[in-house]
Amino acid sequence: MRLSLTSQPASAGLRWFKAGFQELLRQPLAYAGLFATFMLAVLLISVVPLVGGPLLMMSMPLLSLAFVMAAAGTRRGVPVRVAVLVAPWRSGPALQRRRLFQLCLSYAVALTLLLWLAGLIDGGQFDRWLELTAKGDTGSAEWENLANDPAVRDGLLFRVVSGSLLSMLYWHAPPLVLWADQGVAQALFSNVLALWRSLGAFVVYNLCWMAAGLGLMLVQLAVPALGILTLPAWLLLSTAFYASLYASFVDSFAAVSPD
């Protein structure tokens with residue numbers, strides 16, 4: 001498929017945001033099952049010694065690709081299936097699969113480098129704070145000291161900013177490799193150009209998702225009695241986010257010679 005770059009107004013960001021929920025409503029259980037299956041697979045992969053961590057990081061671009069492929073399929077009346085997670089590896093040219101593997105590997109290498117730099121910034125204090133938080137030791141003196149440690153805040157800020165930039169760098173890259181027959185470097189470059197040409201739309205789009213996440217968090221804090229009910233809400237919100245990726249892709253790249 002040959003693609004050409006397009007420019008979208010800032011209002012397109014709100015349309016992409018809405019498209020995520022509209023796409024989710026097409027097949028809510030199937031989409032939620034797809035996301036939950038991926039998270040379960042990630043959990044199982046993460047405990048594998050030595051290779052679990054690298055495989056976990058390499059799998060992240062595949063989640064966005066799976067949702068883009070699933071949304072493209074629903075336009076043709078194809079039901080959402082979990083098999084879409086492995087579909088890119090089961091067919092297509094070997095060169096295409098090799099490029100997709102290289103893309104996932106480059107993402108894992110970049111993420112590893114960012115985490116290493118973050119460790120240098122906070123001296124490992126952030127990881128200790130996260131460990132105590134996961135254990136529920138949020139009332140301990142050590143947790144309080146770490147929470148007020150500037151190094152921990154700097155490490156958190158670096159992770160958020162650098163992680164967001166890395167995510168944006170790979171935003172459209174997987175489907176560009178799969179559908180536009182682009183190499184890794186070309187896909188990353190095309191992705192950056194697409195984001196730049198519709199920068200206002202992507203700013204609005206991300207602000208909408210940030211507002212949605214913050215709103216759900218405030219509800220969770222204001223009504224603690226909801227308890228476990230907030231878990232499916234986060235699942236559906238995350239699923240809607242990934243379901244919205246297809247709308248941003250098709251608006252950013254116009255098919256010149258569709259396959």
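Which residues line the largest cavity? In this predicted model, local features need pLDDT of at least 70 and side-chain atom pairs count only at pLDDT 80 or more, while totals for chains, interfaces and linings use all residues. Residues are numbered from 1 along each chain as its sequence is written, and side-chain values use heavy atoms, with hydrogens and water left out.

The largest cavity is lined by Val-68, Trp-171, His-172, Pro-175, Leu-245, Ser-248 and Phe-249. A cavity here is a set of points on a 1 Å grid over the protein atoms alone where a 1.4 Å probe fits but cannot get out, and lining residues have an atom within 4 Å of a point. The structure holds one cavity of 30 Å³ or more, and the largest has about 30 Å³ of space. Helix 13 (residues 245–252) gives the largest share of its lining, three residues; helices are DSSP runs (H or I, at least four residues), numbered from the N terminus. By class, the lining has five nonpolar, two polar and no charged residues.

Turning to helix packing, helix 2 (residues 28–46) and helix 3 (residues 52–74) pack at an angle of about 170 degrees, with their axes 10 Å apart. Angles run from 0 to 180 degrees between N-to-C directions, and axes are lines fitted to C-alpha atoms over the stretch in contact. The two helices are therefore roughly antiparallel, a term for angles over 145 degrees. In their contact (heavy atoms within 4.5 Å), residues of helix 2 including Tyr-31 and Phe-35 meet residues of helix 3, among them Leu-56 and Phe-67. The residues of this contact divide into 13 nonpolar, four polar and no charged.

Definitions and conventions: Parallel < 35°, antiparallel > 145°, perpendicular 65-115°, else oblique. Nonpolar A, V, L, I, M, F, W, Y, C, P; charged D, E, K, R; others polar. 1 Å grid on protein atoms, 1.4 Å probe; cavity = no way out; pocket = protein on both sides within 12 Å on 5 of 7 lines; lining within 4 Å. Points joined across faces, edges and corners; volume = space filled by probe spheres on them.
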